[in-house]
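Dear colleague,

Please find below the structure that I am handing over to you. My notes on its pockets, cores and charged pairs follow it.

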Amino acid sequence: MALIIRDWAASWKEASAVLLRYFNPVGADASGRIGEDPNGIPNNLVPYISQVAVGRLKHLNVFGTDYKTRDGTGERDYIHVEDLARAHLAAIQFSGTSKGCEAINVGTGQGATVLEMVKAFEHASGRAVPYKIGPRRDGDVARSLAAVDKAERLLGWKANLDVADMCRTTWNWQSTNPNGYAQD
Ligand SMILES: O=c1ccn([C@@H]2O[C@H](COP(=O)(O)OP(=O)(O)O[C@H]3O[C@H](CO)[C@@H](O)[C@H](O)[C@H]3O)[C@@H](O)[C@H]2O)c(=O)[nH]1
């Protein structure tokens, strides 16, 4: 899709396109009424941790502790959905005054490991998040962090919310909606 948009932008001199590269979006709306409710067992870390904390799942499986990171677990650049939404508004404004196609990272530039996320979530929720160490997940990289200077330079955007905010708002959503969007 990114290549199609690039080709389109290259084919017309008036075209303007911004490709936002999301890093790891997490968190929930501050109202507690809009949050993440994946179908079945979550694939992603934060919804999985959140469902363990609320008692829907027994324990987290940590996918590998032998990466070259601070504590051996995978490191990612988590970005709050509210910041991500603001990045879209900034991109729309930017595209109104620019031509061509720009790919822009949307992250905080700061990483958190799996075990750091577990701790942050325990702190935010006041609940234990038991975990078991398991093997690496196929295809995972040790670390993924955004270079964020381009977003700031072109869009005047940067993330305002941190991992504590991500865990707090996720827990606010999960604890008030323990079954997600299901009626029961
Ligand atoms: O039950 C879990 C889930 C995840 N992790 C770890 O937590 C970190 C974050 O995992 P996740 O939330 O799945 O994000 P990514 O690994 O960055 O995966 C993203 O990037 C993948 C490859 O681009 C896509 O396939 C995914 O859908 C997308 O969420 C990684 O170190 C995982 O190994 C665990 O230890 N246990």
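**The largest pocket**

The largest pocket is lined by 25 residues, and Asn 43, Asn 44, Leu 45, Tyr 78 and Arg 137 are the ones that lie nearest its centre. A pocket here is an open set of points, on a 1 Å grid over the protein atoms alone, with protein on both sides within 12 Å along at least five of seven lines; lining residues have an atom within 4 Å of a point. The volume of the largest pocket is about 440 Å³, a volume being the space filled by probe spheres set on the points, which are joined across faces, edges and corners. Its lining has 14 nonpolar, 7 polar and 4 charged residues. In this classification Ala, Val, Leu, Ile, Met, Phe, Trp, Tyr, Cys and Pro count as nonpolar, Asp, Glu, Lys and Arg as charged, and the others, Gly among them, as polar. The elements β2 (24-26), α2 and β3 each supply at least two residues of this lining.

**Basis of the model**

Please note that this is a predicted model, in which local features need pLDDT of at least 70 and side-chain atom pairs count only at pLDDT 80 or more, whereas totals for chains, interfaces and linings use all residues. Residues are numbered from 1 along each chain as its sequence is written, and side-chain values use heavy atoms, with hydrogens and water left out.

**Overall make-up**

The protein has 6 helices and 9 strands; these are DSSP runs numbered from the N terminus, with helices being H or I of at least four residues and strands E of at least two. Its C-alpha trace spans about 55 × 40 × 25 Å along the principal axes. Of its 184 residues, 41% count as buried, where buried means under 20% relative accessible area, exposed over 50% and partly exposed in between, with a 1.4 Å probe and protein chains only. Among contacts with a separation of 6 or more, 83% are between residues 24 or more positions apart, contact meaning heavy atoms within 4.5 Å.

**The nonpolar cores**

A nonpolar core is a set of buried Ala, Val, Leu, Ile, Met, Phe, Trp, Tyr and Cys residues joined through side-chain atoms within 4.5 Å. The largest one has 23 residues, of which Leu 45, Ile 49, Leu 60, Tyr 78, Met 117, Phe 121 and Val 129 touch the most other members. Two or more residues of this core come from each of α2 (45-53), β3 (60-63), α4 (114-125) and α6 (163-176). Another core, of 12 residues, lies apart from it and includes Leu 20, Ile 79, Val 106 and Leu 155.

Beyond its neighbours within four places in sequence, Leu 60 is in contact with Leu 45, Tyr 48, Ile 49, Val 52, Val 114, Val 118, Pro 130, Tyr 131 and Lys 132.

**The enclosed space**

A cavity is a set of grid points where a 1.4 Å probe fits but cannot get out. The search of the whole structure finds 1 cavity of 30 Å³ or more, and the largest cavity has a volume of about 60 Å³. Its lining consists of Gly 27, Ala 28, Gly 35, Glu 36, Val 46, Pro 47, Ser 50, Thr 170, Trp 173 and Gln 174. By class, these are 4 nonpolar, 5 polar and 1 charged residues. Both α2 and α6 supply at least two residues each.

**Salt bridges**

A salt bridge is counted when a side-chain nitrogen of Lys or Arg is within 4 Å of a carboxyl oxygen of Asp or Glu. By this rule there are 10 salt bridges.

- Lys 99 pairs with Glu 14, their closest N and O atoms being 4.0 Å apart. Lys 99 is in the loop between α3 (81-95) and β6 (100-106), and Glu 14 is in the loop between α1 (2-10) and β1 (16-22), 85 residues apart.
- Arg 86 and Asp 83 form a salt bridge at 2.8 Å, N to O. Both lie in helix α3, 3 residues apart, about one turn of the helix. Arg 86 is partly exposed at 32% relative accessibility, while Asp 83 is buried at 2%.
- Within it, Arg 70 and Glu 75 meet at 3.3 Å, N to O; Arg 70 is exposed at 52%, and Glu 75 is buried at 3%.

With kind regards
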